[in-house]
Amino acid sequence: MSALEPMLLTIITASTPLLLAAIGELVCERSGVLNLGVEGMMIVGAVAAFGTAYTTGSPLLGIVAGMLAAVALSLLFGFLTLRLMCNQVATGLALTILGLGLSGMIGESFVGEPGVKLSQISIPMLSDLPLVGKVLFGQDVLVYASFAIVGLTSYVLFRSRWGLILRAVGDNHTSAHALGYSVLRVRYLAVMFGGACSGLAGAYLSLAYTPQWTEGMSAGRGWIALALVVFASWRPGRVLIGAYLFGAVSILQFHAQASGVTLPSQLMSSLPYLVTIVVLVIISQNRQLTKTNSPACLGKPFSPDR
Amino acid sequence: MASGTELIRAKGISKRFGETLANDNVDLCLNKGEIHALLGENGAGKSTLVKILYGALEPGGGSLHWKGNLVKVANPAAARKLGIGMVFQHFSLFEALSVAENIALALPKSVPLKQLCADIIEVSGKYGLPLDPTAIVADLPVGIRQRIEIVRCLLQEPDLLIMDEPTSVLTPLEAEDLFKTLTRLADEGCAILYISHRLEEVQRICHRATIMRHGKVVGACDPAKETAASLAQLMVGGDVHAVDAGAQAMPGKALLQLTDLNHAGEGAFAVALESINLSLHAGEVLAIAGIAGNGQGELFDVISGEVKTKAAYDINLLGVPVGRRSINDRRRLGAAFVPEERLGHGAAPDLPLSENVILTRHASDKDLVRAGLLSRGAALRSERRLAAQYDVRMAHENPEARALSGGNLQKFIVGRELDRSPRVLVINQPTWGVDAGAAALIRQALIDLARSGAAVLVISQDLDEIYEVADKIAVISRGQLSEPAPKDSMNREQIGLLMAGLGEAKQAKAGKGH
Amino acid sequence: MRLELEKRAETSKRMSVLSPLIAIALTGISVTLMFIALGVAPLAGLHAFFVEPLTSVWSWEELLVKAGPLVLIAVGLSVCFLSNTWNIGAEGQFTMGAIFGSVIPVLYFDFTSAWALPLMILMGALGGMVWAAIPALLRTKFNTNEILVSLMLVYVAQYLLDFLVRGPWRDPDGFNFPESRLFDAAHVLPKFGDGRLHLGIALAVVAVLLIWFLLAKSLKGFEIKVIGQAPRAGRFAGFSQNRTIWFGFLLSGAFAGIAGLSEVSGAIEQLTPVISPGYGFTAIIVAFLGRLNPIGIVFAGLLLGLSYLGGEAAQVSVGISNKMTNVFQGMLLFYVLACDILILYRLRLVRSAPAKEAS
């Protein structure tokens, strides 16, 4: 029991950034836009959050800054892919390369500085419950937010008119345009939501996961988030499950070492990436599933013919 | 009814796309309760005009009066608000969504889904267009999909309903039901703008007609008082092209044989081919009629070899079982193929024409590729020869394929294959979306090829075309092919019944989707 | 004012050449603005970044040393990208090439025959191909997204290298440093000039010529372009998409692998935990800046190679971070992609902005 609690806590910490980034990308892809720049937006979010929290002392301001910085990058991506109809794959890659470069430059002076840790919000009474109390009700605001965002996204996507329009745009942009919906506006908003969530994920990394700045600290999590969306076949509930499964895998190394397993640490470190590949293979093998669930317009440029 | 009060008046509408003037100072006027035909060939500018009326396109100039008031229709939502509904030729439906969700998207504001479902059932019942609101569109056949579009418009109680080529996807029987619904709507006072190039149905149901050619209005008339020939004259202008069918010699031996061909089809929405038998002889043109999406594309793919069948022996080409052979093996044997889609299938859009010659002839023409290396000179010479022989008009020497108009590109693609003097030619929708002059040239070329001793298989949705070129006709319906019969022994009615599935061996799936 | 795009009837040949130059100019302007924002005199900054590294013979050679692997990897990638196959794991294939190629110098260091070097180059190619075969196999067999798989394998390759140089391949006489043994002279690529320039640059030149010939003259090159531009037309021509995916991955994997081997055998002369400043990713930019054309890639490779040196030089002489290099590269790719639109469209600024779709 005493060993279980820290394990659950670390799983939550490892899963939250994946969950945040993946849910944002899910909304983006549901609107028909494939943004491969999650990694870049995440790391810029991380450095902006760290820098702001470090200079102002306020982690909350840091979160806001992380979000804004990532949204700014997502707008750049949106302008190129939506307005100029650039190839989404190449532009997403460019966003990642630029994000990694920018964050390295901005963050150079923060390397080695002590960070500001996001404080936990214990919900009175509930957090004192045995076993699950601290795990469920003693988390920081971003963990709570991640759950709220997943719930809200699921509700909006499938129960509201907004969500209906978003799904319609992702399914058939020509029809949506013919019916009078502004495809580009919907997609811009979805891309920005994706950016905001990636920014939150980045903020979580530099304010909660390891409250400090190291270059390249996103370590491929943005890419894993992209894989998670495929794994979840574009459903928010499954993103939640997927993110926690991956979170669990990625902390395996610490617990394996603690329990005396003597596999090379590099093997344990590469496990999340290997698992991602295996999972992608399993999911994509079922073509029916991916075909019917993936938004039909994913990755296709739209030019309003007026 | 044609003498009712004025509902909509468009004056001087113009619209330019790049170099072409799609609408040139167009006037159009509709009264309440009339069914008004908008006639014209493919590319005459009909779709552009109605998209402007519906707010889906921004006019380059001109004015719109609705019920006597000057209006500006900024977007489709505004059009719907005024009371204009539109059923698109290529449906504006969302395949992954349910019927009710599709309809909700066209409504101005959010309606609780439960209530909407009830409304749908009520309205669709009232007009004889039954629908299941919870069904997913991807699972529904074309006829039902059109119903969704119509019900979607009717729920908003429109004053004007625009229908763009509605019968092009329907069997004659389904079209009959549609005509009843439209007549009933008109009787209730709703005006209908009916776009078509099918003269017969226009004469049957329309009160007035406006005729367009090359982006301009060239006439207006009461279709009932005209003959089909006079309407056709108006539509295509002075140049009505006649095709000389020539005399068919005694058919020679079978050059292409399909024997109990079965094919499951790829992907979720493909049509499965079921025990198809066919024998195509030297010297004849055999045409396969059918409504779009009944397995024509799948049949073309297996005959061409783009998709291989399970057994080698179910396709026999010039005496060789080729079911497992590649498309280039079949070309080397002497077969040629022209697919339905010109850009992106028959030709690579961004490559110059000379390289598009290489596209289908690299395996069969010895001078185009030597030891794995391209001979661009030879390709360019072929391209020049084709352009001259088949009257391919282009702005400059050797342009990219996408720069050509539909008709010129089709002449090039057909010419590219004819130039090889194939012994078997398989062509899918030879003149779809092609101007009248090019269509006549292509049809004549197909007949001439057959008369020279080759075998020609034409897959077409256009019955006029089929009667023009075919010696024998077969009908494809839900992946099954009827017994080919001589043209003279088949009238349009019989073909219509076969299209509706009366020739199918298996009727078990008929209820699917209802 | 609003921006309007008008589709051209055909691709503009002039813009195909001009668009990368416009992108470079725009990047230059942005860099200048950044210098001003950072409080650096813009002229001094630009001089330090772009001119200073070219002022001595030594640094010209250094430029070629940096450009070599970039060009070699990028010409391979261009074949992939032309066929619309997305191999973005060249960095991993580079690493695997280095590892495979180091088998002889690390484990069989006694094998010093003249055959050792050719064998090492082959092993390097093999390493890259093995790593590239994984995404190709999964894509063609299971339709698995090759972007994610090839990228994930970058991390795995780097961990494998880390494991080797800290574990089994660590130099027994290396005072516990995470490094392999120094390569024997027989296992080091021949050098030219002042001693930095090695055979790797010659391999890159050969690769450029090969790929130029392939794309411009051969049916295979035609096949690659058709499959990339119009897959359905490619199938109609009898070309196989799967075969093209395999071809692109194996070729680019081999080139990246050779680049990796050249780097460890020509420049570093041993295996270390970090053997690349991100050549595999920068090569993606090189490929696009060169408009996927082998000749264009040569110039693009030189410019991006210069950006590595320029970053170092600017750090020394005007005191800005050498991370400027990465920012420069990222911005450049953005501008390249944005300017590519000029090839297919005409841009027009239209006055009066009705609140329409186009807003």
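In what order do the six strands of the open sheet in chain B lie? The order is 6-7-8-3-9-10, and the pairing is mixed; two strands count as paired if DSSP finds at least two bridges between them. Helices (H or I, at least four residues) and strands (E, at least two) are DSSP runs, numbered from the N terminus. The model is predicted, so local features need pLDDT of at least 70 and side-chain atom pairs pLDDT 80 or more, while totals for chains, interfaces and linings use all residues. Residues are numbered from 1 along each chain as its sequence is written, with chains lettered from A and ligands numbered from 1 in the order in which they are written.

At the edges of the sheet sit strand 6 (84-87) and strand 10 (216-221) of chain B, each pairing on one side only. On average, neighbouring strands are turned by 20 degrees against each other, direction ignored. Strand 6 of chain B runs parallel to strand 7 (160-164) of chain B, with four bridges joining the two; Met86(B), for instance, has Ile162(B) as its bridge partner in strand 7 of chain B.

Helix 5 (142-154) of chain B lies across strand 6 and strand 7 of chain B, at about 180 degrees to strand 6 of chain B. Axes here are lines fitted to C-alpha atoms, for helices over the stretch in contact, and angles run from 0 to 180 degrees between N-to-C directions.

As for the interface, 16 residues of chain A are in contact with 20 residues of chain B, contact meaning that C-beta atoms, placed from the backbone, lie within 7 Å. Helix 7 (161-171), helix 8 (173-178) and helix 14 (287-293) of chain A each supply at least two residues of the chain A side. Helix 7 of chain A gives the most, with six residues.

Definitions and conventions
Two residues are in contact if their C-beta atoms, placed from the backbone, lie within 7 Å.
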